Amino acid sequence: MRLFEESRPVLQLTVSQFSDRLRRWLERRPELQRIAIVGEISGWKPQPSGNIFFSLKDDRAILRCFVYSSDAKRFPTVSDGVAVVATGTIGIWERSSEYQLRVVEIAPLGVGAIAAKVEALRKRLQAEGLFDRARKREFARFPRRVALVSARGKGADDFETTLREKSPNVAVRFIETRVQGEGAEIDIAEAIDRASREDVDAVVLLRGGGSYEDRYPFNTEPVVRAIVRSRHPVVTAIGHTGDTHLADEVADAVFKTPTAAAEYIAGAWAEVTSRLQRQRERLTRAIEGVVVRCAQRRDAADQMLRLAVDRRSSQLRQRLLQLQNRLERQNPRHRLGERATRLTAAIVRLDGVRERVLTKKGNSLALARSRLTSVNPEGPLERGYAIVTHAGRALRDAREVRTGDEVEAQLFHGRLAASVERVMPDE
Amino acid sequence: MSDRGGFEAKLDRIDAIVKELESGDTKLDRAIELFKEGKHLARECEELLKSAQLQIDEAMSDAAQGGKQRAKTNELDDQIPF
């Protein structure tokens, strides 16, 4: 079909006119009103308004796409790199000289049929009440042992590592199973049944990331039924995406990642362990506090005891000292000294008296001696005097004799007989 | 400290002796006798004080030793098993 006839003269239009014509033409094409385009998503850009811009591409071409928020709400989760079938209307965007697909429906390629099947199953199971909140079982706050149903790999490792770290006392019974591929859902169901026979407090169903098809087993009836008949509460962490699988809906608890599941299980243990540790520290500090206070009181008591005893000792010592001083002042030695002084004084006085007495006596004696000497008759004789006697009587007066009388003169040595020649009385 | 009864009594006796001597009208030979008694008692009191001090010092150091031993056992109790 030819748009323009070559033989016509060259059409000249304004940009707007041209755009209008192009649009009108396009809009008259019914197949472009509802067309499905297959391609890979790229540049997936959700806007704050809820509308989404993206592109569909293959190895040669690219088609810009747009979704209104009202349609986008209903979309399954898709993202860059996902191959999809996008259904919508082709339109012209004049302002950017673009043609765009306004997408009203989108589905991962090939998944459409599967998704429909899963959706149908979902409705049936929901009608049985399998997804009801009331069915959900509480599981033990302090689980001792859990069964891990998973393939070997990073998911299982992450789970076990986190669990060991946060609650090392929780034991893990690993029940290995395929988690994707043909018939995997039977293996998974059998593994869950095995877990029921174990003595555990919970069953953890894990699966790492993967495509919708890879995760399909967890959207199947065998797995759902196995979870329903599980003797223990079941916890799922499937796919790392936010996608909800039927297994998630029927499980007793759902987590986004294996690590989150492990943290949940460890939760109470970890909390209690840290509380215990804090209490242990408080206890230790309290005891230490008590010990310290007791030691302080003992030290204070020691000191006071010492002080009291020392005070008493020094009181007594003081008193003793004072008494000793007073006693010493009363030392008889002092009184002896006094007595000695008095004695000495007495002796001195005595001496004095004696001296005087002796002197006096001496004087008297001397006096008497001299008097005695003076009355000694021989005394004058010695000095040349004579004692003249007459008739035996010593003469003192000349008139006691007459001339011619016979007298005797006693000399100091010898005598004389003499007669008086003349008498001469004192005038 | 049972000697304390004897100690105080001795001090009191010395006090009495000193008072009598201080009164002044003691005959010499009595004064000498009293003085001798007083000095003797004072020496006894000094001995008693010395012995008391020693006993106190011993008691204080004994108590310190005992305290150290008790503190050591407390450290061993520290490892409370949980």
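Predicted model: local features only at pLDDT ≥ 70, side-chain atom pairs only at ≥ 80, totals over all residues.
Chain B contains two helices and zero strands. Of the 82 residues in chain B, 28% are buried. Its accessible surface amounts to about 5,700 Å², and carbon and sulfur atoms account for 53% of that area. When contacts within chain B between residues at least 6 apart in sequence are considered, 65% of them join residues at least 24 apart.

Six of the six residues of S8(A) are buried, so the strand is largely enclosed by the rest of the structure. A residue counts as buried when its relative accessible area is under 20%. The cover extends to both faces of S8(A): A:Ala202, A:Val204 and A:Leu206 are buried on one side, and A:Val203, A:Leu205 and A:Arg207 are buried on the other.

What are the neighbours to which bridges join S8(A)? One is strand S6 of chain A, residues 145–150, which runs parallel to S8(A) and is joined to it by four bridges. A:Val146 has A:Ala202 as its bridge partner in S8(A), and A:Leu148 is partnered by A:Val204 of S8(A). Another neighbour is strand S9 of chain A, residues 234–238, which is parallel to S8(A) and joined to it by five bridges. Here A:Leu205 stands opposite A:Thr236 of S9(A).

Strand S6(A) deserves a look of its own. Five of its six residues are buried, so S6(A), too, is largely enclosed by the rest of the structure. Besides its bridges to S8(A), S6(A) is joined by six bridges to strand S7 of chain A, residues 171–176, and the two run parallel. In this pairing, A:Arg145 has A:Ala171 of S7(A) as its bridge partner. A helix again takes part: S6(A), helix H5 of chain A (residues 154–166) and S7(A) form a right-handed β-α-β unit.

Helix H6 of chain A, residues 184–197, comes next. Its 14 residues should span 20 Å at 1.5 Å a residue, and this agrees with the 20 Å that separates its end C-alpha atoms. Which residues of H6(A) are buried? They are A:Ala184, A:Glu185, A:Ile188, A:Ala189, A:Ala191, A:Ile192, A:Ala195 and A:Ser196. Viewed down the axis of H6(A), these buried residues fall within an arc of 160°, so they line one face of the helix. The spacing of such residues makes sense in general terms: an α-helix has 3.6 residues a turn, so residues three or four places apart point the same way.

A:Ile387 has A:Gln410 as its bridge partner in S13(A).

A:Ala391 has a positive phi of about 55° although it is not a glycine, and its relative accessible area of 74% makes it exposed. A:Gly392 also counts as exposed, because its relative accessibility is 73%, where the cut-off is over 50%. The C-alpha atom of A:Gly392 is separated by 8.4 Å from that of A:Glu408, a residue 16 places away along the chain.

A:Ser97 sits in another loop, between strands S4 (83–93) and S5 (98–108) of chain A. Although A:Ser97 is not a glycine, its phi is positive, at about 50°. Is A:Ser97 buried or exposed? With a relative accessible area of 69%, A:Ser97 is exposed.

Definitions and conventions. Residues numbered from 1 in each chain as written. Chains lettered and ligands numbered in written order. Heavy atoms only, no water. Buried < 20%, exposed > 50% of the residue type's maximum accessible area, 1.4 Å probe, protein only. Pairing = 2+ DSSP bridges. Right-handed = clockwise from strand over helix to strand, strands pointing away. Contact = heavy atoms within 4.5 Å. Areas by Shrake-Rupley, 256 points an atom, 1.4 Å probe, with all protein chains shown as cover. Expected span 1.5 Å × (residues − 1). Arc of directions from axis to C-beta.
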